[in-house]
Amino acid sequence: MMGKRRMRKYSSIGTLALFLGPSLLIIALLRVWPVIQGAFIAFTQWDGIRPPVFNGLDNFTRMLSDPVLLTALGNTGKILILAPVWIILPLLLAAVIQDRIPGASFFKISYVLPVLVSPAVIGVLFVIILGPDGPLNIVLRGIGLGALAINWTVDTTLVMWIVAGMLIWSTFGLGVLLFSAGLASIDESLYEAARIDGANWMQRFWYVTVPSVRGVIEYWTVMVVIMAFSSAIVLGYSFSQGGPGYASTTVDLFIYNQAFRYGAPGYATAIGITLFLLIGILLVIFLRVSRRRGELMFDDSGTPL
Amino acid sequence: MQRKMRRSVAIAVAASAVFGLAACSGGGGANPTSDDGSMKGTIKVWDLLVGSDKNWKATMDKVDAQFEKDHPGAKIDRIAQPADPATIHQLMQAAAQSKSGPDLIMIWAWGDVLTLKPSLVPIDKYISKKERDSLTGWDGVTFGGETYGVPIGLQGLGISYNTKLFQEAGLDPDTPPASVDDLLTACKALNAAGITPIGGGNKEGYLSGWTTSTLYAGTATTKEAAKQATYTAPFTEAPFADAAAGVMKLVDGKCFDKNMPATPWYPDGFQKFQDGKAAMQFTIYSQFGYMTDPKIGQYVKFIPSIENTRTPEFLPAGAMNVWAVTSFSQHKKLAAELAVFQEQAKYQQERLDTAGYFPNNKGVSFDDFLKTHPGAAPLVKMLKDGAKTVLPVHNMQDAKTNDIFQSQLELVMLGQTSLKDALQATEDSRKQQYPVLMGSQ
């Protein structure tokens, strides 16, 4: 009934189609169609030039026994292990800045600056900083810690953690910005009430700040997961080219190599689609759990419990 | 009013459907034809050097002007493309899908020709015997008895050395190392004199490829190298395995800087040699600019080949790049004619004299070049004497296998894996890639 009334308001389906049609068509052509085509290509052997040949589930079974892919997934997993830091650190920094510490604007700009720099430039900069005779090793040798002045860029146990650290460092400023915007909208009276109740800074942070910016945390977490799977490629490539060996090959770099360097776009698409589904499932679970926890933390009026 | 609206919607839907169908009709891959195409119109050329080298551009501008003059109605649109194989592959994939794009493309010999072969057209019928005989380097463009491109210039590998530093280490600068054993002896003397024997960096694994290719020419017979080019020779066996073992001999013999594995190849890898602090450097022919460097130029000489397990039968050198005609070109014959036209002796001569691009045209004179690059004399003499050239072995690997070999050898240098395992990983990749690359899949 309601629907009919709304429809009448727009006079006809034709008008609706006229206004929505072009946008829907663009979305269908540029978003939906590539996904459908990608899903088809995932079931083919294709070099990107000759017509694709249907090969059933071959690409998917190959994934299970590809040691390099498993290494790449492990490396991306290392980035995900650091996700809690990646999520909480910007929130903590934004909260500290929000407390109007001296030079707050300076800090805010400093955190955001790396976001503005190209990941390729950051990768190359870190090659210089962490080079055999780079500034870090010079400082270490200068303060008598020469034993720690190692070849950072080719240390197979460290290199992936360095790439993960670079990724977090280069993006957490964005999180600081988002959280700062979220914190600015919190009603100051909540903090005053907490102070009157004798809550210290950490308690105010945990019981007032965190619940109040729950939506931003959820958004930033989704961003972090997406970035973990898709943003390490440029940094990792410019810093270590995925090496030594496969020590810093992340799953996005692996997919890129398969698709554009090794002539296997079909296999690359199969991995991409599997990851897309995996990330989607993970995020749905996360958002559901997060919502449920949120419901337990707020009363019906939206006040933190 | 409503009828008008319905009509507008219907037109919009129909237009969208036509647009959608047009967008989707690109799939299905390339379909080579035997049509020579029109001898008039615009030839689109993808050139990897025209955007980055003003000397190259200056010569190619002359090429274009002369070709257009000789072929009334033909026009050349030379488009600068990045010299990155992955980007070229992406662009060619898109062009092959839409069956439109360049007529003539500059790519790399062997691996890229094989990878892009389905979107290229054989050009044998467009090349005369005289034209073919005037150039070398056809081994990197000929597969299954068909020629898929015109070789551009000559790119090879060898060792540049600094005679002054050799003298300082008590070595005879006029008798440079001729074998791996000689190199090891020289390394010992140079290390004793506090001089880094061989400069370079292997952070990205490039040094692994260059060094192996240089030593492979002193390991394989011409026949074995020809088999390697068919991609049927196992990487775990001689001669390839012996060449890789030779590389590790140099590493174990402390011929390289201790920071070599962590030093980036470009530009840091070359810095020590350029600063006159490293006595030797694996170099390619297009790096003979060292010989005009005011600091070290007068001391730099070039060793064209090194014996590893046998006296070298050939130089590790082949086509620097390749001009290939696309299967979707509407001007195949004209594009092939342009490809051969721009590799004429006079244009290669100009490219050698102005920018140091080594020629593969037998009609080019080295006289002026040698006046400014006397250190290249041993190589030029060998070429004039008719020395055979075979594409460097790391160029005769597909991109994936090459990546695996270079990065695995890097791990061997770092002590993270054994040479046997590294070669096995390379061989596993070759076996996997062979049917894809050779078109049996």
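A residue counts as buried if its relative accessible area is under 20%. The legends below describe a predicted model.

**Figure 1. Aromatic pair of B:Trp56 and B:Tyr357 in chain B.** Over all chains, a search of the whole structure finds 34 aromatic pairs. In the pair shown here, the rings of B:Trp56 and B:Tyr357 are edge-to-face, with 5.2 Å from centre to centre and 70 degrees between the planes. The two residues are 301 residues apart, so the pair links distant parts of the chain: B:Trp56 belongs to helix α2 (residues 54-70) of chain B, and B:Tyr357 to the loop between α13 (345-355) and α14 (367-372). B:Trp56 counts as buried because its relative accessibility is 0%. B:Tyr357 is buried as well, since its relative accessible area is 11%.

**Figure 2. Aromatic pair of B:Trp110 and B:Phe143.** This pair is edge-to-face, with the centres 6.3 Å apart and an angle of 70 degrees between the planes. Distant parts of the chain are linked here too: B:Trp110 lies in the loop between β3 (104-107) and α4 (111-116) of chain B, and B:Phe143 in strand β4 (residues 142-143), 33 residues apart. B:Trp110 has a relative accessible area of 0% and is therefore buried. For B:Phe143 the value is 10%, so this residue is also buried. Both residues belong to one aromatic cluster, together with B:Tyr216, B:Tyr231, B:Phe235, B:Phe240 and B:Phe405.

**Figure 3. Charged ends over aromatic rings.** In chain A, the charged end of A:Arg62 sits over the ring of A:Tyr267, 3.8 Å from the ring centre. Between the chains, the charged end of B:Lys203 sits over the ring of A:Phe239, at 5.8 Å from the centre of that ring.

**Figure 4. Interface of chain B and chain A.** The contact takes 43 residues from chain B and 36 residues from chain A. The two chains bury about 3,300 Å² between them, and 59% of this area is on carbon and sulfur atoms. In chain B, the residues that lose the most area to chain A are B:Gln93, B:Lys203 and B:Ala262, which together account for 16% of what that side buries.

**Figure 5. Salt bridge and polar contacts between the chains.** Across the interface of chain B and chain A, the rule finds one salt bridge. The side chains of A:Arg261 and B:Asp403 meet in a salt bridge, with 2.6 Å from N to O. The count of residue pairs in polar contact between chain B and chain A is six. On the side of chain B that touches chain A, the elements giving two or more residues are α1 (2-24), α3 (85-98), α4, α16 (399-413) and α17 (419-437) of chain B. The largest share of that side, eight residues, comes from α16(B).

**Figure 6. B:Ser407 in helix α16 of chain B.** The side chain of B:Ser407 reaches the backbone oxygen of B:Ile404 at 3.3 Å. B:Ser407 is buried because its relative accessible area is 11%.

**Figure 7. Helix α11 of chain A and its N-terminal cap.** A:Asn200 caps the N-terminal end of α11(A), where a side-chain oxygen of A:Asn200 lies 3.2 Å from the backbone nitrogen of A:Met202. The helix spans residues 201-212, and A:Arg204, A:Phe205, A:Val208, A:Thr209, A:Val210 and A:Pro211 are buried in this helix.

Note on methods. Residues are numbered from 1 along each chain as its sequence is written. Chains are lettered from A and ligands numbered from 1 in the order in which they are written. This is a predicted model: local features need pLDDT of at least 70, side-chain atom pairs count only at pLDDT 80 or more; totals for chains, interfaces and linings use all residues. Side-chain values use heavy atoms; hydrogens and water are left out. Rings of Phe, Tyr and Trp (its six-membered ring) pair if their centres lie within 6.5 Å; planes under 30 degrees apart count as stacked, over 60 as edge-to-face and the rest as tilted. Helices (H or I, at least four residues) and strands (E, at least two) are DSSP runs, numbered from the N terminus. Buried means under 20% relative accessible area, exposed over 50%, partly exposed in between (1.4 Å probe, protein chains only). A charge sits over a ring if NZ of Lys or CZ of Arg is within 6 Å of the ring centre and within 35 degrees of the ring normal. Contact means heavy atoms within 4.5 Å. Buried area is the accessible area (1.4 Å probe) that two parts lose on being put together, summed over both. A salt bridge is a side-chain nitrogen of Lys or Arg within 4 Å of a carboxyl oxygen of Asp or Glu. A polar contact is a pair of N or O atoms within 3.5 Å; within protein, one must be able to donate a hydrogen and the other to accept it, and residues adjacent in sequence count only if both atoms are side-chain atoms.
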